[in-house]
Amino acid sequence: MGTIITVKDVENSIRNIPDFPQKGIQFKDITTALKNPDIFSFVADELFKQYEGKGITKVVGIESRGFIMASILAYKLKAGFIPIRKPGKLPAPTFSKSYSLEYGLNTLHIHQDALDKDDVVLLHDDLLATGGSASAAVELINKFDVRNIYISFICELTFLKGREILGTENNIQTLIKY
């Protein structure tokens, strides 16, 4: 019989990196959770359970750690996978949105033909902090006038109030809250 994994096990497996990428930031490194096959499977299965049966047609992952679970969720949900990437990474015409994050500015891009109005979208990233990248991603997805958007994260840093930036109209789920 396999090991029984809990959300607490996932939380305990995430490494804290102080002062990365700059002083004052406490970086949550999910790679230590993902390297454990039991925890990796648990996270994928728990996220899948939240969205099974919701009619999701596309899973959108935010570069780069968001790609990991987003692609697995797309596979498990029998949906397409759409990457939202940083500048210069997508070869066809894109929509773009700039945003602020805890330690600077960035821009996200999505292909202009990535989604359509009939899509039900699951947006996934590894971590919700200030909400800047997720909010920019939602704005990009909204350009397509999709039917519905769900948002999922592995971790949320509640003290940074990113959920407030995303608004109450978005269905937001997180596995772990710090």
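This is a predicted model: local features need pLDDT of at least 70, side-chain atom pairs count only at pLDDT 80 or more; totals for chains, interfaces and linings use all residues.
**Exercise 1. The largest core**

Find which residues have the most contacts inside the largest nonpolar core, and which element gives the largest share.

Solution. 
- Start with the count. The largest nonpolar core holds 31 residues.
- Now turn to the elements. Two or more residues each come from α2 (31-34), α3 (37-51), α4 (65-77), β7 (120-128), β8 (148-156) and β9 (171-177).
- Take the largest share. α3 supplies it, with 7 residues.
- Leaving out residues up to four places away in sequence, V59 touches A70, L73, A74, L77, A79, G80, F81, I82 and L122.
- A second, separate core has 25 residues, including I84, A136, F153 and L166.

**Exercise 2. The α3/α4 pair**

Describe how α3 and α4 pack: what are the angle and the distance between their axes? Which residues make the contact?

Solution. 
- Read the geometry. The two helices pack at an angle of about 55°, and their axes lie 10 Å apart.
- Classify the angle. α3 is therefore oblique to α4.
- Assign the hand. The crossing of α3 past α4 is right-handed.
- List the α3 side. F40, V43, A44, D45, L47, F48 and Y51 take part.
- List the α4 side. I68, M69, I72, L73, K76 and L77 take part.
- Sort by class. The contact has 11 nonpolar residues, 2 charged ones and no polar ones.

**Exercise 3. I5**

Decide whether I5 is buried or exposed, and find what it touches.

Solution. 
- Locate the residue. I5 sits in the segment before α1 (7-13).
- Apply the cut-off. Buried means under 20% relative accessible area. I5 has 16%, so I5 is buried.
- Find its partners. Beyond four places in sequence, I5 touches V10, D38, I39 and F42.
- Check a separation. I5 and K78 are 73 residues apart in sequence, and their C-alpha atoms are 25 Å apart.

**Exercise 4. Helix α5**

Explain why α5 counts as largely enclosed by the rest of the structure.

Solution. 
- Count the buried positions. They are 9 of the 11 residues in α5 (residues 132-142).
- Name them. G132, S133, A134, S135, A136, A137, V138, L140 and I141 are buried.
- Conclude. With 9 of its 11 residues buried, α5 is therefore largely enclosed by the rest of the structure.

**Exercise 5. Backbone exceptions**

Locate two cis peptide bonds and two non-glycine residues with positive phi.

Solution. 
- P21 lies in the loop between β1 (15-18) and β2 (26-29).
- Take the other. The bond from E63 to S64 is cis, with omega near -5°. S64 belongs to the loop between β3 (58-62) and α4.
- Turn to phi. D19 is not a glycine, yet its phi is positive, about 60°. D19 is in the loop between β1 and β2. Its relative accessible area is 41%, so D19 is partly exposed.
- Finish with D145. Its phi is near 55°, again positive in a residue other than glycine. D145 lies in the loop between α5 and β8. Its relative accessibility is 59%, so D145 counts as exposed.

How values were computed. Residues are numbered from 1 along each chain as its sequence is written. Side-chain values use heavy atoms; hydrogens and water are left out. A nonpolar core is a set of buried Ala, Val, Leu, Ile, Met, Phe, Trp, Tyr and Cys residues joined through side-chain atoms within 4.5 Å. Buried means under 20% relative accessible area, exposed over 50%, partly exposed in between (1.4 Å probe, protein chains only). Helices (H or I, at least four residues) and strands (E, at least two) are DSSP runs, numbered from the N terminus. Contact means heavy atoms within 4.5 Å. Axes are lines fitted to C-alpha atoms, for helices over the stretch in contact, and angles run from 0 to 180 degrees between N-to-C directions. Angles under 35 degrees count as roughly parallel, over 145 as roughly antiparallel, 65 to 115 as roughly perpendicular and the rest as oblique. A crossing is left-handed if the near helix is turned anticlockwise from the far one by less than a right angle, and right-handed if clockwise. Ala, Val, Leu, Ile, Met, Phe, Trp, Tyr, Cys and Pro count as nonpolar, Asp, Glu, Lys and Arg as charged, and the others, Gly among them, as polar.
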